[in-house]
Amino acid sequence: MEYLFEPTKIQTQITKLAAAKILWLDTEIADWNTPYPKLSLIQVLAEPTDLTGESAYILDVLHKPDIAAYFINQIMVNLQIEKVFHNANFDLKYLGGQLAQNVTCTLKIARKIRREVLQVSNLQLKTLAVELCHFSNVDKEEQGSDWGKRPLTQKQLYYAAMDTVYLAAVHRRLLENYKPNLASTIFNMAANGSKQSTENKNSSLTVTKVRVAFECPRLFHLNDNFGGNTLFLPRDTQTGIGNAFHQLADEFVSLACADIRFQKLLKPDATQLLVEEIASSMQQLFYERKFFSYLQEAVKKDTSKAQSLLKVWEGLQGLIRRFAELLVVNRRYCDADTVIRNTFVTEERSLEHYFHLADGTQQRIAGQFDCLIFNYELKRLCVVEFKTYQPVDPSAQLAQVALYSYMLWEKKKVVVDSAVYCVLPEFKEYQYSWEQLESTVHQLIPYKLKQMRQWLTWKPPSPNPPPPTTQPYLCEICPQQQKCQSYFVVEKSEFSGKKDEPHVDFRENDGQTFNADAIAEKLVATLQSFGIAVDYQGCAIAPSFIRVKLKPHPGVKIITLLKLSADLQVHMELANPPLIAPQAGYVSVDLPRPDRQVAKFENFVKSQILPATAAVKIAIGVNLEGQLVEADLSDPNSCHFLVGGTTGSGKSEFLRSLLLSLLVRYSPQHLQVALVDPKRVTFPEFEEMEWLYSPIVKDSDRAIQLMDKLVTQMESRYQQFEKARCADISTYNQRSRQPLPRIVCIFDEYADFMTEKEIRTPLEQSIKRLGAMARAAGIHLIVATQRPEAKIVTPIIRSNLPGRVALRTASIADSAIVLGGTETSAAYLLGKGDLLYQVGSQLQRLQSLLAMNIQLHGNPI
């Protein structure tokens with residue numbers, strides 16, 4: 001939520017809210033049980049899809065009658081704005097009374113429908129939130145707290161913000177029961193009104209929404225339009241504990257700053273302090289002073305909460321130990337009386353900033369960070385985010401903390417490091433220095449915000465929907481998986497070859513020496529010998545493997561099949577272990593083909609000259625239907641690639657065939673190619689070709705120069721687009737008499753340049769910038785490496801290379817780096833061009849093309 005207490009800021013926000021079509025409102029009253037009650041807070045929500053309170057505004061108007069009057073004049077008497085309250089008769093006593101226009105009371109709507117029809121115990125807002133809208137952990141206690149005391153606690157602010165969230169949700173459900181058509185009209189109008197309420201469409205985004213957009217653009221779009229959960233939680237993660245943990249973490253900081261017993265723990269000389277002893281004593285103090293009573297009260301109301309609160313305590317113990325480490329370090333630099341107050345920076349935690357975008361507009365981002373600490377040893381502030389789970393996508397967390405870091409820098413004009421504390425199932429810390437984050441915020445975030453605006457404007461069935469996540473394992477734990485699958489229709493042409501394209505039937509082999517059905521029957525019999533009953537449902541024959549389709553009998557768990565790879569290799573006498581994977585309606589078992597075939601380049605890619613406006617596609621490989629699968633470089637999902645493959649995987653031949661698929665179809669006037677070949681063995685035949693953007697790069701200094709040159713070229717092109725009033729290279733080339741060529745940079749053995757820091761840092765920064773911004777400028781990266789290790793292919797690099805090709809990798813860890821998550825299949829591929837192609841959430845097994853003797857428009861290479 002955004003808590004505003006300065007009169008000028010409140011007045012500015014009221015002016016912005018006056019452009020809304022509908023607002024959900026509530027008030028908190030100080031001294032309500034005395035003869036002289038006073039208006040304390042006005043809570044406002046303009047985005048009804050918000051389920052967390054992050055978009056709520058809390059206007060502190062205590063002892064500010066002029067500001068309250070301004071709210072009444074701008075909002076309450078404005079006939080164009082619908083104002084929704086739960087118990088309007090109460091709130092209007094303080095907000096204009098009979099002067100108020102266009103007021104809706106959800107309590108009156110509920111009474112018309114009747115409690116028996118709604119099947120709720122009473123018509124109070126909190127009851128309706130729980131029993132009608134199924135909210136959990138609804139706080140009913142803070143209503144009686146002291147709203148006249150300042151400062152307000154975080155618990156009070158959260159309570160106040162969530163009242164408007166509950167109100168909007170209850171309003172929607174009541175209308176869906178009472179007048180369904182009206183519900184659709186009102187909430188669509190609210191969504192549009194909230195997006196147009198300030199200087200541009202999508203006027204305000206939250207830091208959390210930016211994180212979601214990094215994780216999955218489609219989930220971001222669904223959440224903005226329909227609300228719902230946005231957390232990608234690993235399976236078996238304890239849910240429903242985040243709010244309790246954050247509240248208790250706040251209370252620990254407050255108690256540590258105020259209670260002299262915490263100071264006494266740090267009285268001994270700094271050299272005598274032991275972290276474990278300090279941590280244990282602090283945990284004991286906090287348990288006695290706060291947590292035990294909190295636990296008792298919670299369990300008294302609901303005994304089922306005991307187990308989840310024990311998890312909260314586990315997380316708090318890890319957090320307190322980490323704080324104890326920091327306090328012991330800081331004690332070397334200041335005395336025991338001040339070290340705690342100097343370590344924990346207690347101030348207003350709500351932030352906002354207007355980012356300048358490439359199209360000349362601004363985008364407002366607002367959010368509230370969890371904790372701000374100071375490290376005397378580093379002489380740095382550090383903004384901390386708490387997570388009660390291990391995030392599945394660290395790069396998205398990086399974007400979140402980078403935003404907070406940057407907004408604090410704008411506010412304080414001092415650099416701010418960042419950290420994410422993941423407290424469960426065990427404490428794990430992700431740290432990012434300001435230097436690591438600076439270029440990410442400056443270069444990547446504004447373009448991501450521009451993308452987010454575009455995604456929010458998309459409506460089905462229009463083309464070019466928001467792209468799926470680049471990490472398919474997220475789809476398996478997506479909180480809105482079914483909604484996504486029904487809302488976004490993925491056409492087959494997005495992922496496979498078209499029927500009129502060249503294809504080869506690899507089942508038709510004159511020298512075929514095996515019977516695929518017989519091999520499949522042997523597989524079924526082998527599984528039966530293990531006590532696993534399956535039905536054979538046919539097979540598909542690829543150049544390098546046979547895919548057997550099996551339907552497990554009822555009661556057979558898929559996990560039992562997935563564990564049998566090594567057993568099947570032994571019992572079926574296979575040279576390589578089979579790949580086993582669940583598919584739609586069956587389990588696929590990929591068995592190595594005894595007479596492996598070659599997918600010849602000339603059978604799939606024909607030499608032709610395409611116009612400058614034609615889509616630029618690269619050949620990836622041949623699928624199970626014998627069709628060529630290509631990637632469109634203008635597509636956000638496949639504009640840049642990360643390629644990984646160990647020695648013997650066929651990586652070099654894959655890169656050569658990919659390059660040739662460009663050269664035989666696009667002239668040097670329409671396509672330029674930059675090649676980086678440190679081992680000098682991948683592209684030797686291409687030294688003199690006309691398409692070269694610059695001579696083939698073979699050393700680190702020239703690699704940095706090439707990347708800098710591409711960044712400069714990108715920026716120059718954006719200036720040309722701006723003058724021509726074009727958004728991207730496709731539009732520019734359609735209008736221009738002198739079209740710009742696409743530039744494809746194929747960077748082989750990227751890891752060879754990452755061993756020296758002075759080379760690694762500038763190279764990584766250039767790749768980040770190009771990966772984030774270069775697609776629209778017609779510049780595309782294909783980064784390949786034999787060693788896709790985590791320290792080389794960092795989360796930032798991975799997040800900017802959406803397309804993935806994994807040939808056989810040296811380890812399952814390398815496979816997971818290339819493909820993301822826990823996808824280890826690349827470690828078991830057959831080599832020699834057998835590959836996994838990942839775009840968005842889909843993964844295909846293909847065979848790379850093999851180019852043996854190719855001519856470029858009549859000239860042999």
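Phe-355 has Gln-363 as its bridge partner in strand E9. This is a predicted model: local features need pLDDT of at least 70, side-chain atom pairs count only at pLDDT 80 or more, and totals for chains, interfaces and linings use all residues. Residues are numbered from 1 along each chain as its sequence is written, and side-chain values use heavy atoms, leaving out hydrogens and water.

**The sheet**

- Strands E8 and E9 (residues 362-368) run antiparallel and are joined by 7 bridges.
- Strands here are DSSP runs (E, at least two residues), numbered from the N terminus.
- An open sheet of 3 strands has the order E7-E9-E8, with mixed pairing; two strands pair if DSSP finds at least two bridges between them.
- Its edge strands are E7 (204-206) and E8 (350-356), each pairing on one side only.
- From one strand to the next, the twist averages 30 degrees; axes are lines fitted to C-alpha atoms, and angles run from 0 to 180 degrees between N-to-C directions.

**Arg-845**

- Strand E26 (residues 842-847) contains Arg-845.
- Arg-845 counts as buried because its relative accessible area is 9%; buried means under 20%, exposed over 50%, partly exposed in between (1.4 Å probe, protein chains only).
- The Arg-845 side chain makes a polar contact with the side chain of Asp-834 (2.5 Å).
- The Arg-845 side chain also makes a polar contact with the side chain of Asp-590 (3.0 Å).
- A polar contact is a pair of N or O atoms within 3.5 Å; within protein, one must be able to donate a hydrogen and the other to accept it, and residues adjacent in sequence count only if both atoms are side-chain atoms.
- Not counting residues up to four places away in sequence, Arg-845 touches (heavy atoms within 4.5 Å) residues including Phe-545, Arg-547, Leu-579 and Val-622.

Notes
Helix = DSSP H or I, 4+ residues; strand = E, 2+ residues; numbered from the N terminus.
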